[in-house]
Amino acid sequence: MKNILVPIGITPEVSKTLQYAIDMAEHFGSALYVVDAYPSAIPTTSIMNVKGIIKENTLNRIKDVIQQVDRKGFDIQYVAQNGDLLSAVRALDRKIHLDMIVVAPQNNDISDDVFLGKVAGSLIKQTEIPVMVAPIKGDFKSPKRLLWAFKKGQVQNPKTLRPLQLLKDKFDTIINGLLVKTPGHKPGDLELDDAMAALVPEPTITANATTYQGVLEHFQSNQPDMLAVIKREQGFFEKLWKTSIVYKHEFYCSIPLLVLKPRSRYR
């Protein structure tokens, strides 16, 4: 896991999210990046140097966040880019290839009914980069038991599962697979390809209306300290993140949530 990114956004506890990323990166020797964006559209009535002032304020905000954490010797790189945050993340990914984005679940401008705000939701929905949703006030802990929920036993590219393999290799994480049969499933969906079988040779098979309902049914019996899902086209989680905001009545997770992504290119 070479490159880990923490987007600033408007998360009130972003320093805790950055600390979570630092503590995780320490185990993998990853490079750490922090990114924020500032508006590109400046009113014509604005003073000439307003864009420069906004950029400077953005950089100062990033530096302030970095000063609040225990850097543990990391040389944290930071980027302030003109435009929106999503574009800034994509641009950095094209440049260095990001292996993981670490985000907090919600922003400070939404109600307690929301699990994932626009920043986290849009990064999950609109990028191909794996995302770790870290509990707002939780410390990174080596995952001992991971529950991996999926409804199809095949992946287009085995490298989609690289984050799971890294966790297993580094921490000896026990990965419990949960194959959820949802309405309309095909018999072939229950057959695991080699890549998935290597991680969970004998997954628990359950029948539920949605993948999330399967997670709820088997959560207590597994007692995981991390949950993993695959974001697929037309899957439950793809439909869930359609609007980039996820409410707690739709989905909620109090432990770290790893969202795996099929990427069009890998390094």
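Gly29 sits in the loop that runs between helix 1 (14-28) and strand 2 (31-38). In this predicted model, Gly29 has a relative accessible area of 62%, so it counts as exposed, the cut-off being over 50%. Gly29 and Met1 are 28 residues apart along the chain, and their C-alpha atoms are separated by 7.8 Å.

**The chain as a whole**

- The chain contains eight helices and 12 strands.
- It has 267 residues, and buried residues make up 53% of them.
- The chain exposes about 13000 Å². Carbon and sulfur atoms supply 48% of that area.
- Taking contacts between residues at least 6 apart in sequence, 82% join residues that are at least 24 apart.

- Phe140 is found in the loop between strand 6 and strand 7.
- Is Phe140 buried or exposed? Its relative accessible area is 9%, and the cut-off for buried is under 20%, so Phe140 is buried.
- Leaving out residues up to four places away in sequence, Phe140 touches Tyr20, Asp23, Met24, His27 and Phe171.
- One of these residues, Asp23, is 117 residues away from Phe140 in sequence. In space, the two are 6.1 Å apart, C-alpha to C-alpha.

**Aromatic pairs**

- How many aromatic pairs are there, counting rings of Phe, Tyr and Trp whose centres lie within 6.5 Å? The count comes to four.
- One of the pairs is Phe140 with Phe171, whose ring centres are 5.9 Å apart. Their planes meet at 55°, which lies between the limits of 30 degrees for stacked and 60 for edge-to-face, so the pair is tilted.
- What does the pair of Phe140 and Phe171 tie together? Phe140 lies in the loop between strand 6 (131-133) and strand 7 (145-150), while Phe171 belongs to helix 5 (residues 162-171), so the pair ties together parts that are 31 residues apart in sequence.
- Phe140 and Phe171 are both buried.
- Trp148 and Phe150 also pair, with ring centres 4.7 Å apart and planes at 50°, so this pair is tilted as well.
- Trp148 has a relative accessible area of 0% and is buried. Phe150, at 2% relative accessibility, also counts as buried.
- Ring pairs join Tyr20, Phe28, Phe140 and Phe171 into a cluster.

**Cavities**

- Rolling a probe the size of a water molecule over the atoms shows where empty space is left.
- How many cavities of 30 Å³ or more does a search of the whole structure find? The search finds three.
- The largest cavity has a volume of about 120 Å³.
- Its lining consists of 13 residues. Those nearest the centre of the largest cavity are Asp99, Pro130, Lys159, Arg162 and Pro163.
- Which element gives the largest share of the lining of the largest cavity? Helix 5 does, with three residues. Helix 5 is also where Phe171 lies.
- Sorted by class, the lining of the largest cavity has seven nonpolar residues, five charged residues and one polar residue.

Definitions and conventions. Residues are numbered from 1 along each chain as its sequence is written. This is a predicted model: local features need pLDDT of at least 70, side-chain atom pairs count only at pLDDT 80 or more; totals for chains, interfaces and linings use all residues. Side-chain values use heavy atoms; hydrogens and water are left out. Rings of Phe, Tyr and Trp (its six-membered ring) pair if their centres lie within 6.5 Å; planes under 30 degrees apart count as stacked, over 60 as edge-to-face and the rest as tilted. Helices (H or I, at least four residues) and strands (E, at least two) are DSSP runs, numbered from the N terminus. Buried means under 20% relative accessible area, exposed over 50%, partly exposed in between (1.4 Å probe, protein chains only). On a 1 Å grid over the protein atoms alone, a cavity is a set of points where a 1.4 Å probe fits but cannot get out, and a pocket is an open set with protein on both sides within 12 Å along at least five of seven lines; lining residues have an atom within 4 Å of a point. Grid points are joined across faces, edges and corners, and a volume is the space filled by probe spheres set on the points. Ala, Val, Leu, Ile, Met, Phe, Trp, Tyr, Cys and Pro count as nonpolar, Asp, Glu, Lys and Arg as charged, and the others, Gly among them, as polar. Contact means heavy atoms within 4.5 Å. Accessible areas come from the Shrake-Rupley method with a 1.4 Å probe; for residues, only the protein chains shown count as cover.
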